Each structure stands twice: as structure tokens, then as C-alpha cells.
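Biologist: I would like to learn how to read a model like this one. Please take me through it feature by feature.

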Amino acid sequence: MDTIPFTRAHARQAAEIHVEGQPGTFLTRLGIDFLTRMYQAIADSPHAFGVTVVDEDTVAGVAIVALNTTQVFQEMKRQHWHRLLWPMIRQVLRDPLLVGDIVQSIRYPATLHVPPGEAEVLFLGLRRPYMRRGIAPRLSNLIMDEAHRRGCTSATTLVARQNRTVRWIIAAVPGAYVDREVELNGKIMLVYRVKLPILNESDQSSAASGQQSAVSSQQVAVRDGC
Ligand SMILES: CC(C)(COP(=O)(O)OP(=O)(O)OC[C@H]1O[C@@H](n2cnc3c(N)ncnc32)[C@H](O)[C@@H]1OP(=O)(O)O)[C@@H](O)C(=O)NCCC(=O)NCCS
């Protein structure tokens, strides 16, 4: 087991993990082809990064972070729309109720109000056989460190109120708090925020190693836990 930077080669498996872990949600309803192209676009973006947990050829988990949510969404709309549109239309023909959710999602960055310098965790997911092994909290620490290394001074994420596992993971992050609740695609979502850097043990060790990439510095920690 190892952690490596997320690339477009991992996009299809990231989409599979997303579909498996978030059944019935808006992005899952847009389909695996849409999600694959969306994750490819994110992998290519200078305004986002991701971390992939690999177990030989299997992508066991991913964490995806926007360094600038507004820019990532604008890139999707301006540069990738022609690749995203067809899989989206195909799903809308099957599920016309998606149109309302698509309209709402176009205004997503405005709904969330992510200030400059704030990273947004867009997705964190593991394949089922890799859950309950302590990988997720370590991935969470790792992306927080990496976001800070890339210049972010705070981080945010939107979590469905009923997603108790993620809420539990965030509750263990020192300084993280619920800023407010928003309704998105018919669900109550909690907007979590935390200042960076997070002052915990792993932060102290990465501070000791200067500006080294958090992705490489935490490879050993993730490997040890698996
Ligand atoms: C979110 C996800 C990555 C977490 O991975 P995981 O392996 O299930 O998480 P862990 O088992 O490491 O749990 C982390 C902590 O939460 C606790 N926890 C897990 N489920 C819990 C629950 N239902 N209630 C209370 N605590 C819970 C665990 O005990 C653990 O705490 P500990 O380390 O102190 O023991 C995984 O569940 C997943 O991929 N879910 C689907 C995708 C998703 O919903 N992603 C989040 C939205 S972006």
C-alpha cells in the first residue's frame, strides 16, 4: 500500500469509488462516465490536487482537494464542458429530475463562499475492503498538510448531515468546527472549516522536515497502517 499523487490515470477508479461510496447522490446520478471525465479534469487542473492510495494495480482510495473552488468550477464550465456535456445529457434523458440539481450545482461556489486561500476537500473515499483500517484519518491529515504546503491558510468541506463516519473523522481534527448548514440538492449539508496548519503530531514532523511534500512525507505512515 502506498500514497501517490492523483493523476488522470486514477480517474476511472476514483469514479468507481465515488459511485460505490455515495449511492443516490447528485454526482453519482450523473453517472460513471461523467465522474471519470470530471476527475480527469480535476487531475489536469493547476487549482486542485489529489492523493491516491494504491494497492498494487488497485486504487484503494482517493482524496481530492480544490485549492480554489471557483477556478476549478470555471475550468469545468469553460474548458471541459464539451467532454462533460454528453454523459450529462445521457443521464438527464434517463432521469429528468437531474436538471434542477444541475442548475443548483452551477451556483455551487457562490453557495459555499470559499474565500481565497481556502482549500476545499471535494471527495474522500475508500473501496469497501480498505475501510475500517485507519487509512481515512491519515489521508485527511495528509491532504491538510499538502494544502497548507501549497499556500492555503484554511480548509473547508461539505458533509451530508447523515454521513456519521466523515463527521467522526472531522471531529478528531483539532480546531475543526461546523461553520453553518446549507441545503444542497435536497440534503442538509454541514460546512466544516479549519485553520491551517493543523497543530498535531504529523504537522510537527512535517514542519521539522521543512517544505518537503506532504504526499511523500506521509507515505510511510499510510503504508504502516495497512
Ligand atoms: C469516509 C470514508 C473514507 C471513511 O473511511 P473508513 O475507513 O470508513 O473510516 P475509519 O474506519 O477509519 O473511521 C474513522 C473514525 O470514525 C469512526 N467511525 C466510523 N464510523 C462511525 C460511525 N458510524 N459512528 C461513529 N464513529 C464512526 C471510527 O471508529 C474511526 O475512529 P477511530 O479512528 O477513533 O477508531 C469511507 O467510509 C468512505 O469511503 N465512505 C464513502 C464515501 C464518502 O462518504 N466520503 C465522504 C464524503 S466526500
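Predicted model: local features only at pLDDT ≥ 70, side-chain atom pairs only at ≥ 80, totals over all residues.

Biologist: How many helices and strands does the protein have?

Modeller: Helices (H or I, at least four residues) and strands (E, at least two) are DSSP runs, numbered from the N terminus. The protein has twelve helices and seven strands.

Biologist: What percentage of the residues count as buried?

Modeller: Count C-beta atoms, placed from the backbone, within 10 Å of the residue's own: 20 or more others is buried, 12 or fewer is exposed, and in between is partly exposed. Of the 226 residues here, 34% count as buried.

Biologist: And what share of the contacts is between residues 24 or more positions apart?

Modeller: A contact means two C-beta atoms, placed from the backbone, within 7 Å. Among contacts with a separation of 6 or more, 73% join residues 24 or more positions apart.

Biologist: Now the sheet. What is the order of its strands?

Modeller: Strands of a sheet pair through backbone hydrogen bonds, either parallel or antiparallel. Here, two strands pair if DSSP finds at least two bridges between them. The order is 1-2-3-4-5-7-6, in an open sheet of seven strands with mixed pairing.

Biologist: Which strands stand at the edges?

Modeller: Strand 1 (2-5) and strand 6 (177-184) do. Each has a single partner strand, so one side of each is left without a neighbour in the sheet. Neighbouring strands are turned by 25° against each other on average, direction ignored. That angle is taken between axes, lines fitted to C-alpha atoms.

Biologist: How many bridges join strand 2 to strand 3?

Modeller: Eight bridges join strand 2 (residues 48-55) to strand 3 (residues 58-66), and the two run antiparallel. Thr 52 stands opposite Val 62 in strand 3. Strand 2 also pairs with strand 1, antiparallel over four bridges. There, Asp 2 has Val 54 of strand 2 as its bridge partner. Strand 2 is largely enclosed by the rest of the structure, because six of its eight residues are buried.

Biologist: How many residues of helix 5 are buried?

Modeller: The count is zero among its 14 residues, so read helix 5 as hardly covered. Next, check its span. The expected value is 1.5 Å times one less than the number of residues. Helix 5 (residues 81-94) reaches 20 Å from its first C-alpha to its last, close to the 20 Å expected.

Biologist: Is Ile 17 buried or exposed?

Modeller: Ile 17 is buried, because 23 other C-beta atoms lie within 10 Å. It is found in helix 1 (residues 11-21). Beyond its neighbours within four places in sequence, Ile 17 is in contact with Val 59, Gly 61, Val 62, Gly 125, Leu 126 and Arg 127. Ile 17 and Val 59 are 42 residues apart in sequence, but 8.7 Å apart in space, C-alpha to C-alpha.

Biologist: Which residues come nearest to the ligand?

Modeller: Near means a C-beta atom, placed from the backbone, within 6 Å. Of the 18 residues around the ligand, Gly 21, Gly 125, Met 131, Ala 136 and Trp 168 come nearest. Strand 4 (118-126), helix 8 (135-149) and helix 9 (164-171) are the elements that give two or more residues to the shell. Helix 9 gives the largest share, five residues.

Biologist: Where does the backbone deserve a second look?

Modeller: Most residues other than glycine have a negative phi, and most peptide bonds are trans. His 113 has a positive phi of about 55°. His 113 lies in the loop between helix 7 (108-112) and strand 4. Arg 132 has a positive phi of about 60°, and lies in the loop between strand 4 and helix 8. Arg 132 is exposed, with 10 other C-beta atoms within 10 Å. A cis peptide bond joins Leu 196 and Pro 197, with omega about 0°.

Notes: Residues numbered from 1 in each chain as written. Axes fitted to C-alpha atoms, helices over the stretch in contact; angles between N-to-C directions.
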